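Student: Hi, I have a new structure to get to know. Can you walk me through it?
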Amino acid sequence: MDTGQVTGIVGKLSAESRQRDLWRQFLEAALAGSQDEKATSGMAEALRSLLEELGEKEVADRIIDIGKEEPSFPVTDMLRAVVEISGEMRRENETTLKQLRQMLSELATPIIRIWKDMLLVAMIGNIDSQRAQDIAERLLHRVSSSRAKVVLVDVTGVPMIDTVVGGFLIEMFNAIKFLGAEVILTGIKPEVAHTLVKLGVDFRMVSIARDLEDALRKGIAITMEERNRRKQLALSLAGNEAGESGEDDDL
Amino acid sequence: MKMMTYKDRVVPILRVADYLLVPIQIDLDDSTVGRLQKQLMEEIERTRARAVILDVRMVEVIDSYISYTLSETAAMARLMGCRTILCGIQPPVALTLAQMGVVLQELVVARDLEHALVLASLS
Amino acid sequence: MVGEKIETLLESPAHEFDVVVRIAREEDIAVARQMAKQLAQETGFSLADVTKIATAVSELARNIYRYAKEGRIMIRKRLEDRDGPCIEVIAADRGPGISDVELVLTRGYTTYERSLGIGLSGVKRLMDSFEIYSEVGKGTVVITEKRRRKF
């Protein structure tokens, strides 16, 4: 088969000169066979662009048509290349998607150090099992590394809290308490409060605040109280002789 | 009760003022839990401590059995007039306990050693 | 039916799994837990999920040790699953068996003095899937899986 024939076929494939060039590159490389390394990489590149522009189905259909018209084309190899490149492109998309999801989950649930020893987490949007676990893991890590005493959880941006989401929140609150920090919950809308009580979710393990201001005030009170107690403790330990005696009871 | 010999002791117990500090670095199983509890009760009796602080920072897995033995130890200490404070639960352990629905009965949870001492001083 | 399943699993060749731990002594519980942890780490689970899997294995191993005296914990990773990488944990024993499986899965149920009674229900909560087959006098099998989260 010569260049003229290829040009003839290519001419029928597309009216656009750019796509014609891509087809030509692809077909010539396919004819050159898999021995030619440069041709193979050229073929992959051209095919990739064609797939991006036309989609897998369109490209495959045309290759089959070419095969019917010109049996000398290695149609099987060409289709195999389509499958391979599509797979590659799908994997790349999945990676991008994964990165975007990760980014979204971080953006959708900002954790802010709002005051000394106090974190604010604003939950926004619908929460499913994966997101809930992701939020809980990130939040607990933050609480632990920042040694936060109080975590304010604002659920104003959560449109609906059902039993499942309620269950996740309860788990997350209990986990925060296992770290020794306090949770103050705010932003429950009237309809959400209604549903929660009907579902039997009472969030009794946390304190509830009217709004963010109230939450902040409650949180500051808790941190101040503990700071005072720490001071008292330091004073009492300094005045306590037993504390200095250096017991040797350890193993 | 027979006094414990040196090799019966399974954990180091440090005394800070009126409090006992117990870092848990061993695997809590049937055989060691009994010895830990015996050692701790003897120490509470001897020192008349007001509170025991169990530090579980080094414990990577707390299953329902281990959490039960911790609560059980705290219940024993309470009968001797001593509070028990648990401190240093690691974030993955906290998430696991919460998901299993474990309630740490008899125990007060503290963030760190200093917080544990503050809570202990309240008793 | 259940008896056959238990025999098949207990006789299944070790090479079908990444980890097989025979539970006969109390120390074996810690071994199973440690092996599970390592395998979950290799499979790319988050630290929290690694801890959840290790805790579930700990509960299953302790149940074998307590009630059946002897049994096996088998763990394998499945990387080629359609829903992404996954870890499968199987606990099998020829112990006394459970007469009422539903009851055992109720939170708070226990026949053992040193327990909160959340062993099996805890495993079910920690893992993504949970199946139990048991027959009195034959033994018990628990098959459970956890999938790696997508992000």
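Predicted model: local features only at pLDDT ≥ 70, side-chain atom pairs only at ≥ 80, totals over all residues.

Student: Okay, chain B and chain A to begin with. How many residues does the contact take from each?

Tutor: Chain B puts in 32 residues. Chain A puts in 28 residues.

Student: And what area is buried between chain B and chain A?

Tutor: About 2,700 Å². Carbon and sulfur atoms give 63% of that area.

Student: How many salt bridges are there across the interface of chain B and chain A?

Tutor: Four salt bridges turn up there. In one salt bridge, the side chain of D112(B) meets that of R147(A), at 2.7 Å from N to O.

Student: Which elements of chain B supply at least two residues of the side that touches chain A?

Tutor: There are helices and strands on that list. The strands are β1 (14-16) and β5, and the helices are α1 (30-47), α3 and α4, in chain B. The largest share comes from α3(B), with six residues.

Student: How does that side of chain B divide by class?

Tutor: It has 19 nonpolar residues, five polar and eight charged.

Student: Switching to chain C. How many of its residues are in contact with chain A?

Tutor: Seven residues of chain C are, and they meet nine residues of chain A. The two chains bury about 880 Å² between them. Carbon and sulfur atoms account for 49% of that.

Student: Which residues form a salt bridge there?

Tutor: R149(C) pairs with E137(A). Their closest N and O atoms are 2.1 Å apart. The count of salt bridges between chain C and chain A is one. As for polar contact, two residue pairs are counted between these chains, with both residues at pLDDT 80 or more.

Student: And by class, what does chain C bring to that contact?

Tutor: Its side facing chain A has four charged residues, two nonpolar and one polar.

Student: New topic. How many cavities of 30 Å³ or more are there?

Tutor: One. The largest cavity holds about 160 Å³ of space.

Student: What lines the largest cavity?

Tutor: Its lining has 15 residues. Nearest its centre lie A132(A), Q133(A), A136(A), F168(A) and E171(A). By class, the lining has 10 nonpolar, two polar and three charged residues.

Student: Which elements supply at least two residues each?

Tutor: From chain A, α6 (129-146) and α7 (163-178) do. From chain B, α3 (91-100) does. The most comes from α6(A), with five residues.

Student: Now the largest pocket. How much space lies in it?

Tutor: About 650 Å³. The pocket is lined by 30 residues. Closest to its centre are K177(A), F178(A), A181(A), E182(A) and V109(B).

Student: So which elements give two or more residues to that lining?

Tutor: In chain A, α7 and α9 (212-238). In chain B, β5 (108-110) and α4 (113-121). Of these, α7(A) gives the most, with six residues.

Student: Last one. How do the residues of the pocket lining divide?

Tutor: Into 15 nonpolar, five polar and 10 charged.

How values were computed. Residues numbered from 1 in each chain as written. Chains lettered and ligands numbered in written order. Heavy atoms only, no water. Contact = heavy atoms within 4.5 Å. Buried area = accessible area lost by both parts, 1.4 Å probe. Polar contact = N/O pair within 3.5 Å; in protein donor to acceptor, adjacent residues only side chain to side chain. Nonpolar A, V, L, I, M, F, W, Y, C, P; charged D, E, K, R; others polar. 1 Å grid on protein atoms, 1.4 Å probe; cavity = no way out; pocket = protein on both sides within 12 Å on 5 of 7 lines; lining within 4 Å. Points joined across faces, edges and corners; volume = space filled by probe spheres on them. Helix = DSSP H or I, 4+ residues; strand = E, 2+ residues; numbered from the N terminus.
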